[in-house]
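Colleague: I'd like to learn how to read a model like this one. Could you walk me through it, feature by feature?

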Amino acid sequence: MAPTTNEHQRIQFAFNAYLDSMVGVTFNYLIKNSRFPSRAGKHKGIDAMMAFWKPFAYQEQGNLSEEELRAIAIESVEMLTRQINLIDAVFDLESSQAKAPTNLKQEIREAISEAIQTLLAKPELSVSAQAALLADNPNRDRAASEGGDVDEDSLLGNLLDDATIAA
């Protein structure tokens, strides 16, 4: 008998792992932990998995608006951040999030600007190579000769657009 539209369909998720494998050790911790019941351990594992994969699953499903997808993604990032903070605190780690650049786009801009300034300062760099570096922006020519900043936006085009940076 086919399910009616009012009935909820279920999905069965089963996974077997060797007890001495990384997955087995983790599942065993979640299922047989004396600090919480087996059912709670299973939910903790599911919550951790969903924190990462939920936005991708709903995006693939294709029936939510961009605003709804964004809200799910924000919720996932918040959940993952709490998980990271817990690991940091329990294992007395220097915040792992502090190690990541707070603004990757700005970090890339600064690194590229520094590299370009170094290249332009080299006397052995040919005039044609300097011209190629400075092409398409007359203000860069003046800025470079005065030791000023190079305009990375016009030099790099859309290379640093948020949509093209994969994190």
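This is a predicted model: local features need pLDDT of at least 70, side-chain atom pairs count only at pLDDT 80 or more; totals for chains, interfaces and linings use all residues.

Colleague: How many helices and strands does the protein chain have, then?

Modeller: Eight helices and zero strands. Read from the N terminus, the order is α-α-α-α-α-α-α-α.

Colleague: And how do I read the confidence? What is the mean pLDDT of the protein chain?

Modeller: pLDDT is the predictor's confidence in each residue, from 0 to 100. The protein chain has a mean of 78, with 63% of its residues at 70 or more. Residues 137–148 fall below 50, and that stretch has 15 contacts in the model beyond near neighbours in sequence. Residues 163–167 are below 50 too, with five such contacts.

Colleague: What share of the protein chain is buried?

Modeller: The cut-off for buried is under 20% relative accessible area. Buried residues are 14% of the 167 in the protein chain. As for contacts with a separation of 6 or more, 30% of them join residues 24 or more positions apart.

Colleague: On to α2. Where does its kink lie?

Modeller: A bend compares axes fitted to the seven residues ending at a position and the seven starting there. In α2 the kink is at Trp-53, about 55 degrees, shortly before the proline Pro-55. Pro-55 is also buried, as are Gly-41 and Ala-51 in that helix.

Colleague: Which helices do the buried residues of α2 pack against?

Modeller: α1 and α3. Then, just after α2, look at Gly-62: its phi is positive, about 75 degrees.

Colleague: Which helix gives the largest share of the lining of the largest pocket?

Modeller: That's α2, with ten residues. Both α1 (22–31) and α2 (38–61) supply at least two residues of that lining. By class, you get eleven nonpolar, seven polar and three charged residues in the lining of the largest pocket.

Colleague: And how many residues line the second largest pocket?

Modeller: It's lined by 16 residues, with Tyr-29, Leu-30, Lys-44, Gln-83 and Leu-86 nearest its centre. About 600 Å³ of space lies in the second largest pocket. Three helices, α1, α2 and α3 (66–90), each give at least two residues to its lining, and the largest share, five residues, comes from α3.

Colleague: How do the residues lining the second largest pocket divide by class?

Modeller: Ten are nonpolar, three polar and three charged.

Conventions: Residues are numbered from 1 along each chain as its sequence is written. Side-chain values use heavy atoms; hydrogens and water are left out. Helices (H or I, at least four residues) and strands (E, at least two) are DSSP runs, numbered from the N terminus. Ala, Val, Leu, Ile, Met, Phe, Trp, Tyr, Cys and Pro count as nonpolar, Asp, Glu, Lys and Arg as charged, and the others, Gly among them, as polar. On a 1 Å grid over the protein atoms alone, a cavity is a set of points where a 1.4 Å probe fits but cannot get out, and a pocket is an open set with protein on both sides within 12 Å along at least five of seven lines; lining residues have an atom within 4 Å of a point. Grid points are joined across faces, edges and corners, and a volume is the space filled by probe spheres set on the points. Contact means heavy atoms within 4.5 Å. Buried means under 20% relative accessible area, exposed over 50%, partly exposed in between (1.4 Å probe, protein chains only).
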